[in-house]
Amino acid sequence: MKKILLLSFIMPLMSSLIAQSFDRISFTNTAYNSHIKSIELYKEGYEFAFPIITLNSNEKLILCFDDLDEEGRYLKYTFIHCTHDWKPDGMNQIEYLEGFTEDEITDYEYSFNTITSYTHYSLVFPGEMMRITKSGNYILFVYDETPETPVLTRRFVVQEEQVADISGEVKQASDVTYMFSKQEVDFLVHTGGYSVKNPAQYLHAVILQNGRWDNAITGLRYRSGKPGEYSFDYDDNQNAFNGGSEFRDFDTKSLKYNGTHIVSIGYYNQENQAFVVEDLARPYGAYVSENTINGKCYFKNEDYEGRNRQDYINTYFTLRVDFPVTDGKLYVFGELTDWRILKNAELKPNPKTGFWETSLLLKQGFYNYQYVFVKNGTNFIDETYIEGSHWETRNDYYIFLYLQEEGNSYDKLIGFKTLQINR
């Protein structure tokens with residue numbers, strides 16, 4: 001009885017504190033401290049999978065990250081339910097959480113025999129102390145002692161137990177103007193036992209390309225349908241993406257030899273350094289087929305066995321661009337930058353060579369990346385400016401189907417599907 005009374009007092013108080021922190025955090029994948037590195041969030045047993053679990057199942061998600069700051073932290077976390085377009089939906093936490101509304105991160109280890117010292121944190125969730133009771137979009141919010149000190153936020157999703165069936169394909173764009181540069185994502189939804197009332201208003205889809213949320217198509221309505229079956233087959237680019245090119249890659253799993261696309265690696269000037277092979281802009285080149293991991297990265301040290309033996313390396317990038325770059329900036333982009341535009345990932349022209357250069361402090365491993373252009377005064381990330389765009393490129397597409405049932409104030413996730421180009 002005392003425990004129930006304590007929970008009834010604490011949970012509304014914590015929900016209030018979390019809500020007050022909304023102006024301090026971004027409802028995106030973000031680190032709020034430059035010492036927080038190498039963040040991963042994935043489904044247990046599927047390291048490269050999108051972070052999604054099924055409601056009322058035994059499925060778990062795993063969060064891992066490094067803290068390069070030598071000061072100790074008292075880390076806690078909570079979950080925030082969001083709308084289909086990642087805005088706080090106003091629900092109180094007791095409406096979608098059972099048990100406590102926050103918990104501690106107690107699993108941590110120190111790096112071993114590395115030049116760069118760090119603390120590696122791990123979290124497996126959801127657990128018995130904090131259970132999720134509703135499907136939809138969630139923000140994992142990690143903070144140091146209180147919500148006023150955010151550490152990181154990460155997006156993940158929870159789907160209903162009996163999900164709607166989604167079938168579809170990725171193909172050349174139907175619009176002849178873009179048929180060689182864009183990819184079209186068409187799909188058909190069968191809602192099965194779900195009774196969808198007023199689907200024109202309450203049923204909508206989101207399409208995500210690789211791990212990028214900046215160019216996601218949100219709030220997509222079905223084009224035609226009948227009870228239990230809804231078609232999202234468009235011919236007017238509403239469901240089309242730039243194909244881009246296959247990602248570039250490099251390998252720093254060893255400090256003893258040059259991995260793939262590394263011209264030099266080792267310990268110089270009191271730090272680990274690696275130089276990626278000189279890259280060439282390819283906006284008009286032909287499509288080249290490559291096996292990639294679609295912008296992701298994989299952390300590993302091949303020189304030594306054991307946990308937390310991966311060191312950090314100051315990794316240098318060099319890009320040759322044989323045309324003027326005006327009215328904007330160039331950046332390294334991919335999971336290695338959290339799929340975001342980071343200031344320290346901006347390339348600057350070297351006045352001696354004319355090449356564009358930057359460096360990033362990265363953990364040992366295998367990386368995919370690309371170069372993107374952001375025009376001055378905009379937030380639009382253009383991967384075609386340097387990389388070109390081809391309909392054949394093997395991108396991953398994730399389809400999310402949301403339903404806000406009449407009488408409910410939140411978006412359920414009733415369908416999920418992963419697709420690749422059908423060629």
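Q: Arg131: what's its relative accessibility, and does that count as buried, partly exposed or exposed?
A: In this predicted model, Arg131 sits at 31% relative accessibility, so it counts as partly exposed.

Q: Which side chain does Arg131 meet in a salt bridge?
A: Glu128, at 3.8 Å, N to O. Glu128 counts as exposed, at 63%.

Q: How many salt bridges are found in the whole structure?
A: The search finds 24.

Q: Which residues are linked in a network?
A: Asp67, Asp69, Arg73 and Asp144, through salt bridges.

Q: What about Lys43, which residue is its salt-bridge partner?
A: Glu59, with 3.3 Å from N to O. The pair links distant parts of the chain, 16 residues apart. Lys43 is in strand β2, while Glu59 is in the loop between β3 and β4.

Q: Is Lys43 buried or exposed?
A: Buried: its relative accessibility is 18%, and the cut-off for buried is under 20%. Glu59 is partly exposed, at 26%.

Q: And Arg223, which residue does it bridge to?
A: Asp235, with the closest N and O atoms 3.4 Å apart. Arg223 lies in the loop between β16 and β17, Asp235 in the loop between β18 and β19. Both are partly exposed: Arg223 at 49%, Asp235 at 42%.

Q: Switching to the open sheet of 4 strands: what's the order?
A: β16-β15-β31-β32, with antiparallel pairing. The edge strands are β16 and β32, each pairing on one side only. The twist averages 20° from one strand to the next.

Q: How many bridges join β15 and β16?
A: There are 3, in the antiparallel sense. Ala205 has Leu220 in β16 as its bridge partner.

Conventions:
Residues numbered from 1 in each chain as written. Predicted model: local features only at pLDDT ≥ 70, side-chain atom pairs only at ≥ 80, totals over all residues. Heavy atoms only, no water. Pairing = 2+ DSSP bridges. Helix = DSSP H or I, 4+ residues; strand = E, 2+ residues; numbered from the N terminus. Axes fitted to C-alpha atoms, helices over the stretch in contact; angles between N-to-C directions. Salt bridge = Lys/Arg side-chain N within 4 Å of Asp/Glu carboxyl O. Buried < 20%, exposed > 50% of the residue type's maximum accessible area, 1.4 Å probe, protein only.
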